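Hello,

Here is the structure I said I would pass on. Please look at it first, then read the notes below it.

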Amino acid sequence: LAGMPYPVGAVLGRIAASGKYKLATSGGTDGAQTASAVLLYAVDATLADATGIVVARGPAIVSRAGLAYDATVDDAAKITTKIGQLAAAGIIARDGV
C-alpha cells in the first residue's frame, strides 16, 4: 500500500506492474481498476509504503456496510461493479454481517 491512509474495509485493486495494492478505482488501466481484495486493518501509508493485511481470495464473507471505496466509485452502479469483482475472487459482500 502506498500514498495515503487506508481505512478498514478499503476495497483494493492490485497494480499489475508493481504488485502493490491501492484503492480500486472505477477506471484506469494499471490493473487497480479491478477490485481484488479488502483491507482488514487500517494502514497509514502517507509517508512510505506500508504492509497491510488483506483478504484477497475466498471463500470469505465481508460486511457490505463496512466497505470503503475510492472517491471515483461514487454511485450505486459502480459499487455494484466492485462488489461483483470481489465476488469473482470469492469475497462475498453481505448486508448485516
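These notes go from the whole chain to its sheet and helix.

This is a predicted model, in which local features need pLDDT of at least 70 and side-chain atom pairs count only at pLDDT 80 or more, while totals for chains, interfaces and linings use all residues. Residues are numbered from 1 along each chain as its sequence is written, and side-chain values use heavy atoms, without hydrogens and water.

The chain has 1 helix and 8 strands (DSSP runs numbered from the N terminus: H or I of at least four residues for helices, E of at least two for strands). From the N terminus, their order is β-β-β-β-β-β-β-α-β. The radius of gyration, taken over C-alpha atoms, is 12 Å, close to the 13 Å of the globule rule (2.2 Å times the number of residues to the power 0.38) for 97 residues, so the chain is as compact as a globular protein of that length. Buried residues (under 20% relative accessible area, 1.4 Å probe, protein chains only) make up 31% of the 97.

An open sheet is formed by 4 strands in the order β3-β2-β4-β6, with antiparallel pairing (two strands pair if DSSP finds at least two bridges between them). β3 (21-23) and β6 (54-55) are at the edges with a single partner strand each, so one side of each has no neighbour in the sheet. Between β2 (residues 11-14) and β4 (residues 35-39) there are 3 bridges; one of the bridge pairs is Val11 with Val38 in β4.

Helix α1 (residues 76-88) packs on the sheet and touches β2 and β4 (contact means heavy atoms within 4.5 Å). The direction of α1 makes about 90° with that of β4 (axes are lines fitted to C-alpha atoms, for helices over the stretch in contact, and angles run from 0 to 180 degrees between N-to-C directions).

Regards

Terms used: Buried < 20%, exposed > 50% of the residue type's maximum accessible area, 1.4 Å probe, protein only.
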